Structure formats: structure tokens, C-alpha cells
Amino acid sequence: MRITCPICGARDRREFTVKGAALALERPARDAGDVAWDDYLHNRDNPAGRSAELWYHETGCAAWIVVVRDTVTHEVFETRLADGDTEAGS
Amino acid sequence: MRFSGLRVLKEGLTGNKGWSPHWRDADPKPEYDVVVIGGGGHGLATAYYLAREHGITDVAVLEKGYLGGGNIGRNTTIVRANYFLPGNSEFYSHSLKLWEGLEEELNYNVMHSQRGLINLFHNDGQRDAIVRRGNAMVNQGDDAILLDRAALRRKVPYLDFDNARFPVQGGLFHPRGGTARHDAVAWGFARGASDRGVDLVQNCEVTGIDVDRGRVTGVQTTRGAIRARKVAVVVAGRSSQVATMAGMRLPIESHVLQAFVTEGLKPCIDHVVTFGMGHFYISQSDKGGLVFGGDLDFYPSYASRGNLPTAEHVMEAGMTLMPMIGKARLLRSWGGIMDMTPDGSPIIDRSGIEGLYLNCGWCYGGFKAVPGSGHCMAHLVATDRPHDAAARFRLDRFRTGRGLMDEEGTGSQHSLH
């Protein structure tokens, strides 16, 4: 699998690590309650098919990237930088 | 049809013409007391113990493909009870005891071989951790023996003991650990369930779960609607998809775990050897193939096949630990889809919908759990109360934070296991 980093271009999957569903960009408020936090931390749509995930270009430019790809065929449809004003990298 | 040595001899001398199919390939009826979704090891064991322990025989097992065609046919066949944390410890102990009586109980040769399992350690810190684990196993009533370097060398002389990065200092020996013939476990439970009246329905994919006012009423399938008082979801690998049919989101991410087998060799590896630091473990099958595996591919996947970086890593780890296997030729590799939970431990629980029960989240440890999982799941479905041995496998532990079972001690988040 090759992933196109918006900064570095197409790179081998080995340069990246995955954080999981791009849900990590939707951090709930501190006082949102246990159900919201449980959903954010643990529960997943976990689709067999098109999925948006958060990847980290660990041995490249260290960018956090939203990768839209297919979890069955591993085809990558789209990559974009994770929004700069989120806590994705924390 | 009963199996015995005499019968095998007689059939062997008369052209093997007297054998009959081991189970009935049933067509679905319109209604059952219990529908078990998933005809893998855990689903078949659940159906078997429902019939055997609880007298509930109006049961259908619905399998979308063929019986035993999922992870029960795609694993590395290891059976052990060497867990540390309360919850896992008593459960896997319970399961191992069921394994030890399984062949007699099922009258089926599952080739359970208690050849012993060895976990290696490489430094003082790991030795301390492994001593602690061994004590927990002994306290649970299972067996664990600490091997120093000399004792380990007598058992497994072929390791690279003086490896520069991971010198082997000793190991924890679990004599009752070992392997079993994976397919035979599915077939044995299938036969035992079928003999007691359970309908095993193949090529029957569940497409919907019917819920009426908070209570399950049946399932929709590719072979028609089936009503049921109770529905057990036992589909590890596809749990999220089936749970979605009941409007649930589970704390599960699906990952691929690879395994490999070499050409058949003369007997050379007598135990199960695990090299945790290299994410590598190995045993030798009865046909002679070296069966080994490593860690996850580390990104969500339903591909049932692995990626090359992980395959390379596993080969490198194998060569690091036991250079003698370097000339063995690899025959096959394959991947199974793992239900990964945030804390790395499974779920056997009610679902919040009355009459709908969940058995999922087996991570990379489902095979050894098969008898225990089926036994505890049947208890839950039959009595509506968890079995003591699986009482901690609760779905709500992630929301409440109480009773998390993070065996690796890495944290209870998806990306950490």
C-alpha cells in the first residue's frame, strides 16, 4: 500500500503509522459525559469498505493526514492534511 | 456413528465405506428458540453447550459461508492458559480444563497436544514480569515453571542464545499449553450439536436483526426470515457489521493477523515457543510444517490477507531467534480478521436489547477460548446471567472504566494493541 502525503508525495506505507478512525478529530468537550467520551475513545463504525482514518507520517514530514481508503481492497481514494486547529497530534 | 480404534481398524480393512457425514446440513425452519449467528468455533461450541448443558435443542446456527470457514480455519492452533489478570486468568483456565476433556466428551479426535509452551525472556525486568505471571498462573491452579538458561537450553537447544540484541536468558514453561487441530474442533462441536438436534445452516447470511420494542424477535437472512426468542451474535471478525444491524456501535476495530507455514520437515520444534520481543511465535504441525506468526498489520483491514512489511518483520524475528529455520521454504501465508477491543480482552455480554447476546472482541486469542467461550456464552443465553468464569467480559467496562483487562499494560485505546 502506498499513501500520498500531501506534503511529500506518494510514499511507502512503512513510513506511516495509523491512529485509527478520523473520529479522533472530533474530540468531545471536557464535560460532555461518559457516553460521549465512550463513543469517542472506544466505539467505532469500523466499516468494511470506505473509511476515513488518521495517519501519521512518522518517518517523513511528521504530518497528520486524513486518509480515505477502502479497508477491504486497500485502495486509497483521498488524502488531506488534518485540520491544523484540531488536537489531532496530541 | 461413534469413533473408536476398533472402528478405524475395521473401516481401514473394508475400504472406508462405512463412514457417514458427521453432521446434518439443515435447511432453516421459520422459527427457533435460539438462533446463533456464526458457524465458527465459538458459535458451534455455543450451540453444542446450549444443547448439552441446558437442554436447549431448538437451535439454529446460521453460517454465511461454510462451517468452520472463518477464523477457526485460519489460526495457529495454540491452546494455553497463561494469562495474568483476574478475568482473563479464570476464563482461560476454565477453557483449558474443557479442552482437556474435549476429545472424550465429543468422541472426536481434535488432536489436542499438550506439548508445552515456552515464553522467552531476555533481561532482568522481563524475568521479574514472567515470574509474576507464573505465580498468577499457579495461583489460578494452572502450571508454570521458571526455566533458567541451562534448563531452557536442554529443552530448546536450537535458539540463538547469545543473540546480541535479545540474548535469551530463560523462559516460562507452561507444560499444559500446546496445540490442537483447528478444523477438527469446529467439526467436533458441529457433530456434537447436530447429534443433539441443532440445525446447522450453511450459506445463510444474516442481513438484518429484527427488534420490536427493545426485544429481539428474529433475523432476516438470505434464506428467508427466521423468528427467534433469543439471538446470539458470535461472529468475531465481522462483529461490527452484524451489530450495526441491531443499531449498535461496538468498541471494536478490525485488523488482520498473519500466519505462515513452511514445507513439512522432520520433527525439530517440540514445543510452542513465543518470542514476545520479536512478536514471533512458532510450533510444528503434525504434518511437519513450521507454523508461525507475528503481530498485527497495524491498520484497520478486512482483507483476509496480509501486507509485506509485517511478513518481512515476522521472517526477520524468526531468523533472529532460531537461525536454523532459515532454509525451510515457506509454503503459504494467510490472514484472519481480528476483532480488536481497546483493552485487548473479549466481550461476552448482554447487548442492551432483550434477548440479543454478544460474543466478540477475541483479538488475537480466540482459538484457545473456543470451548470456554461456547460454554460461557451458552450459560448467558440460557440463564440470562453471566457464567462466573466470564463475568468480567462486560461490554460496559469501556464506558465506566471499571474492570478493564489490559493484559499487555499498554493502555485501553484502539491503537495500542
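User: In chain A, what share of the contacts between residues at least 6 apart in sequence joins residues at least 24 apart?

Analyst: That share is 53%, where a contact means that two C-beta atoms, placed from the backbone, lie within 7 Å. Please keep in mind that this is a predicted model: local features need pLDDT of at least 70, side-chain atom pairs count only at pLDDT 80 or more, and totals for chains, interfaces and linings use all residues. Residues are numbered from 1 along each chain as its sequence is written, while chains are lettered from A and ligands numbered from 1 in the order in which they are written.

User: Which elements does chain A have, and in what pattern?

Analyst: Chain A has one helix and six strands, and along the sequence they follow β-β-β-α-β-β-β. Helices (H or I, at least four residues) and strands (E, at least two) are DSSP runs, numbered from the N terminus. Along the principal axes, the C-alpha atoms of chain A fill a box of roughly 40 × 30 × 15 Å. Of its 90 residues, 26% count as buried; that label requires 20 or more other C-beta atoms within 10 Å of the residue's own, whereas 12 or fewer make a residue exposed and values in between make it partly exposed, with C-beta atoms placed from the backbone.

User: Why does H74(A) count as partly exposed?

Analyst: H74(A) has 16 C-beta neighbours inside 10 Å, so it counts as partly exposed. This histidine lies in the loop between β5 (64–70) and β6 (76–81) of chain A. H74(A) also has a positive phi of about 70°, although it is not a glycine. Most residues other than glycine have a negative phi.

User: What is the phi of H279(B), and where is that residue placed?

Analyst: Phi of H279(B) is near 50°, again a positive value in a residue other than glycine. H279(B) sits in the loop between β13 (272–275) and β14 (280–284) of chain B. With 15 C-beta neighbours inside 10 Å, H279(B) counts as partly exposed.

User: How do you know whether T217(B) is buried, exposed or partly exposed?

Analyst: Its count is 15 C-beta neighbours inside 10 Å, so T217(B) is partly exposed. T217(B) belongs to strand β10 (residues 215–221) of chain B. Not counting residues up to four places away in sequence, T217(B) touches D210(B), V211(B), D212(B) and R227(B). The C-alpha atoms of T217(B) and G355(B) are separated by 8.2 Å, although these residues are 138 apart along the chain.

User: Why are α3(B) and α9(B) called roughly perpendicular?

Analyst: Helix α3 (residues 88–106) and helix α9 (residues 366–383) of chain B pack at an angle of about 100°, with their axes 7 Å apart. That angle makes α3(B) roughly perpendicular to α9(B), because the label covers 65 to 115 degrees, with under 35 roughly parallel, over 145 roughly antiparallel and the rest oblique. The axes are lines fitted to C-alpha atoms, for helices over the stretch in contact, and angles run from 0 to 180 degrees between N-to-C directions. Among the residues making the contact are F91(B), W99(B) and L102(B) of α3(B), and K368(B), P371(B) and H375(B) of α9(B). The residues of this contact divide into seven nonpolar, four polar and one charged; Ala, Val, Leu, Ile, Met, Phe, Trp, Tyr, Cys and Pro count as nonpolar, Asp, Glu, Lys and Arg as charged, and the others, Gly among them, as polar.

User: What makes a set of residues a nonpolar core?

Analyst: Such a core consists of buried Ala, Val, Leu, Ile, Met, Phe, Trp, Tyr and Cys residues joined through C-beta atoms within 7 Å. The largest has 115 residues, and V35(B), I37(B) and V233(B) have the most contacts inside it. Its largest share, eight residues, comes from α9(B). Beyond its neighbours within four places in sequence, V35(B) is in contact with A60(B), L62(B), V219(B), I226(B), A228(B) and V231(B). Another core lies apart from the largest one and has twelve residues, among them I3(A) and W64(A).

User: How many residues of each chain are in contact with the other?

Analyst: 22 residues of chain B are in contact with 21 residues of chain A. On the side of chain B that touches chain A, β15(B) gives the most, with three residues. By class, that side has eleven nonpolar, eight polar and three charged residues.
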